[in-house]
Amino acid sequence: MCTPGERIGHVSEFQAGDGTYVERQFIYASTVGEKQVQDVDGAKVVVVVPAWKKHADVPDVGDLVTGQVLRLQKDRVELSILTVNDRQLNAEYRGVVRLQDIRQYEVDKLDVLDCFRPGDIVAARVLSLGDVRNFLLSTAEDQLGVVKATSINRHPMSRVSWQLMQCTGTGYKERRKVAKPPGVGGPVRIKP
């Protein structure tokens, strides 16, 4: 990571590119960012890619996000978005999963407390940009929902089914809208 005014090369080695300036034959960073050497028509050009460009991930419609449940209300779940398409964010974004976006069926029978708890880590998809404060999210797909949870006894929980997680410390089961892990098929059927 370079900072403005930091010496990053000499004109005998490199040409000065974006995010740099030359003073007394030395090349300096003009912005905070990452130093990169690029080959431009056979010449070595040193550039500084601004940190804000490197980490400018903003959730967009259709993106997969991971978030932590902050608050539950009877008709919605509020999340702090941690990653977008498996890339960690430098800025803080919030998202909301409305009751009708938790799953695709029997929405009228849903209770938010049977699906999520504060602190759960949830995989979701961005439905829309929502309002000024929150992105609108969905967990209605099978592979979306709770991916990591902690029981009321503060032990990690493991997946039992698409709607149950079990405390690894006590064996107690709690209801959740559980994400189906990649590569896991449907329910196991036992032949009579």
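Which strands form an open sheet, and in what order?

**Ground rules.** I am working from a predicted model, in which local features need pLDDT of at least 70, side-chain atom pairs count only at pLDDT 80 or more, and totals for chains, interfaces and linings use all residues. Residues are numbered from 1 along each chain as its sequence is written, and side-chain values use heavy atoms, with hydrogens and water left out.

**The open sheet.** I found three strands in the order β13-β14-β15, with antiparallel pairing. Strands here are DSSP runs of E, at least two residues long, and helices are runs of H or I, at least four, numbered from the N terminus. Two strands pair if DSSP finds at least two bridges between them. β13 (157-159) and β15 (173-175) are the edges; each has a single partner strand, so one side of each lacks a neighbour in the sheet. Neighbouring strands are turned by 35° against each other on average, direction ignored. For that angle, axes are lines fitted to C-alpha atoms, and angles run from 0 to 180 degrees between N-to-C directions. I then checked β14 (residues 164-167), which is joined to β15 by three bridges. Gln166 has Lys173 in β15 as its bridge partner.

**Strands β1, β3 and β4.** I moved to β4 (residues 26-29). β1 (residues 7-10) pairs with β4 in the antiparallel sense over three bridges. Arg7 sits opposite Tyr28 of β4. β3 (residues 20-23) also runs antiparallel to β4, through four bridges. Here Glu23 faces Phe26 in β4.

**The cores.** I looked up the largest nonpolar core and counted 25 residues; Val65, Val77, Leu79, Ile81, Ile102, Phe116 and Leu137 have the most contacts inside it. Such a core is a set of buried Ala, Val, Leu, Ile, Met, Phe, Trp, Tyr and Cys residues joined through side-chain atoms within 4.5 Å. Buried means under 20% relative accessible area, exposed over 50%, partly exposed in between (1.4 Å probe, protein chains only). Two or more residues come from each of β7 (64-73), β8 (76-84), β9, β10 (121-128) and β11 (134-138). β8 gives the most, four residues. A second, separate core has seven residues, including Ile8, Phe14, Val46 and Val48.

**Arg87.** Arg87 lies in β9 (residues 87-98). Is Arg87 buried or partly exposed? I read a relative accessible area of 39%, so Arg87 is partly exposed. Its C-alpha atom is separated by 9.6 Å from that of Thr66, 21 residues apart along the chain.

**Whole chain.** I count one helix and 15 strands. The radius of gyration (over C-alpha atoms) is 24 Å, well over the 16 Å of the globule rule for 192 residues, so the chain is more spread out than a compact globule. The C-alpha trace spans about 80 × 40 × 35 Å along its principal axes. Of the 192 residues, 35% count as buried.

Technical notes:
The radius of gyration is taken over C-alpha atoms; the globule rule is 2.2 Å times the number of residues to the power 0.38.
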